[in-house]
Amino acid sequence: MPSRRTVLAATAGVTAALATGTPAHAGTPDEAGLRALVSRMTLEEKAGQLFVMRVYGHSATAPDQADIDTNLSEIGVRTAAELIAKYHVGGIIYFTWAHNTRDPYQIAALSNGIQRASLDRPRGLPVLIATDQEHGIVCRVGKPATLLPGAMAVGAGGSATDARTLGRISGTELRAMGINQDYSPDADVNVNPANPIIGVRSFGADPEAVAALVAAEVKGYRAAGVAATAKHFPGHGDTAVDSHTGIPVITHSRALWEKLDAVPFRAAIRAGIDAIMTAHLMVPALDGSGDPATLSHPILTGILRGELGYDGVVVTDSLGMQGVRTKYGDDRVPVLALKAGVDQLLNPPSLDVAWNAVLKAVHDGELTEARLDESVLRVLRLKARLGLFDAPYVSRAGVARTVGTAAHLAAADRIAERTTTLVVNEGGLLPLSRRTHGRVLVVGADPASPSGTTGPPTGVLAAALTGLGFGATAFSTGTAPSAAVIASAVTKAGAADAVVVATYDVTAADPQRTLVERLVATGKPVVAVAVRNPYDIAQLPTVSAFLAAYSWTDVELRAAARVIAGQVAPRGKLPVAVERAGRPGQVLYPVGYGLTY
């Protein structure tokens with residue numbers, strides 16, 4: 001794998017694109033100045049400021065032809081610069097799959113190009129450039145940037161200091177690349193083991209513990225000059241439906257919502273959160289209309305703004321998700337979201353349909369221009385607080401001295417070491433002895449890297465154990481191993497002294513469970529490492545040892561290897577309860593459980 005220096009040097013061709021530009025305004029406008037800016041904007045410009053849109057390509061003006069073609073097909077423009085010119089968008093969101101995040105220098109050049117395209121226009125304004133850099137299993141910017149443990153891992157560590165450090169490091173690196181808003185932290189309280197979309201993206205199941213870590217991470221991002229975004233209001237932690245594909249219904253009473261889901265959002269508001277993202281789900285106890293929270297005036301204006309006293313930016317979750325498109329058409333969703341109290345409309349499936357729908361609603365009198373002004377002013381206040389009127393551009397030198405530094409990478413490793421959770425250790429098998437268990441076979445799941453720059457997990461674990469003095473070999477068996485693959489793994493286990501199995505969301509009828517059972521039957525000690533949800537242990541009662549790593553990114557896997565080898569003692573505690581398999585409500589391992597040595 002190329003070194004950080006090699007990767008950065010290979011992108012030297014973008015140096016010219018990192019030249020510093022001239023801000024559109026001399027100094028950050030005060031409140032009166034911001035209101036004056038709004039008063040001079042056209043209706044089309046105001047509508048544009050409310051949208052945060054995807055755009056394909058590594059460059060704002062010269063993307064690859066394939067990305068130009070996709071932009072024309074999906075958005076009707078060729079480039080990010082054309083997107084800004086046509087729709088006056090106030091924000092752009094970066095995705096790995098949109099080819100926005102190849103490497104730090106390229107990201108910085110893209111960010112500068114986007115800012116220049118907007119600021120060079122008449123009445124040009126700086127752009128909020130956002131991404132989902134939660135760390136753990138949701139990460140858009142990969143190596144050589146610093147990748148840190150995800151939320152549930154940090155929840156297992158239980159350190160507010162670590163959460164704040166995570167926010168500071170992540171925010172500092174994002175800001176150096178021109179990304180000034182992060183859709184993180186996740187403020188959901190994950191009380192449903194079957195939750196298909198939140199899970200390890202949550203800090204845990206204890207609302208007070210989640211609240212403390214959310215607040216700490218927010219403070220870290222704020223210190224770094226990046227807008228943090230708490231999500232998904234009013235709470236996405238107790239659903240068995242993925243709002244990308246359906247509309248979940250949260251059946252909590254109002255009293256339970258206050259005691260459980262609301263707690264981390266209140267903490268985020270007290271910590272000075274810059275933005276709150278809405279959830280595409282129904283909470284009948286908060287709004288009985290059948291509308292998702294994203295479109296709910298009682299939830300967003302009545303509760304979030306009225307009762308919780310929040311006056312910052314409210315941004316929707318992606319408007320391309322099915323949870324918000326089930327009841328209304330794509331032309332109605334953005335209008336209803338604004339009527340509900342939203343300020344930013346994220347990634348509509350068709351920007352042309354959504355933008356024109358907002359304009360039509362104003363022309364028809366369904367929305368007033370004054371209502372748009374309220375949201376535009378909130379967006380501009382955020383841009384001003386972030387210093388974007390003064391310093392919208394970033395530099396090559398800033399990338400070089402900030403992104404993926406040795407100090408940041410070492411901090412990530414230290415945080416990860418405090419998160420690995422030992423749940424089972426029969427007969428004191430761990431730490432493994434190099435003398436008695438020197439030959440280790442590593443098998444299991446190799447899910448795709450969240451950022452496209454890490455893994456594969458079995459290889460990372462094997463390499464880490466080899467570096468710690470073991471003779472480790474990797475054999476990828478996947479998330480659904482066939483009978484032939486299982487048989488091959490069993491054969492390979494014959495030459496090993498111990499087997500490490502990376503497991504990924506094991507279910508009752510899962511072939512991963514069969515793999516583990518067959519390996520246990522060989523008589524060789526089997527160590528299971530859950531690389532996503534810690535609930536796997538409920539399905540694996542025969543393993544000799546079980547560790548929860550909470551993600552399959554390198555930093556968490558290397559920490560797990562150091563625990564297996566005894567280089568560090570396990571310190572993590574389960575931030576969620578593990579229930580008995582097939583017996584909901586019967587707790588096998590409670591919140592706070594964790595062994596050490």
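Me: What makes Arg35 and Glu31 a salt bridge?
Reply: In this predicted model, the closest N and O atoms of Arg35 and Glu31 are 3.1 Å apart. The cut-off is within 4 Å, so the pair counts as a salt bridge.

Me: And how are Arg35 and Glu31 placed in helix H2?
Reply: They sit four residues apart in H2 (residues 31-40), which means about one helical turn separates them.

Me: Why is Arg35 called partly exposed?
Reply: Its relative accessibility is 48%. Buried needs under 20% and exposed over 50%, so Arg35 falls in between.

Me: What makes Asp343 and Arg305 a salt bridge?
Reply: Here the closest N and O atoms are 2.7 Å apart, and the limit is 4 Å, so Asp343 and Arg305 qualify. Asp343 lies in the loop between helix H14 (333-340) and strand S8 (345-346), while Arg305 is in helix H12 (residues 297-307), so the pair ties together parts that are 38 residues apart in sequence.

Me: Which residues of helix H20 are buried?
Reply: In H20 (residues 483-493), Ile486, Ala489, Val490 and Ala493 are buried.

Me: How do you know that they share a side of H20?
Reply: They cover an arc of only 100° around the axis, so they end up on the same side of H20. The face turned away from that buried side carries the exposed residues Ala484 and Thr491.

Terms used. Residues numbered from 1 in each chain as written. Predicted model: local features only at pLDDT ≥ 70, side-chain atom pairs only at ≥ 80, totals over all residues. Heavy atoms only, no water. Buried < 20%, exposed > 50% of the residue type's maximum accessible area, 1.4 Å probe, protein only. Helix = DSSP H or I, 4+ residues; strand = E, 2+ residues; numbered from the N terminus. Arc of directions from axis to C-beta. Salt bridge = Lys/Arg side-chain N within 4 Å of Asp/Glu carboxyl O.
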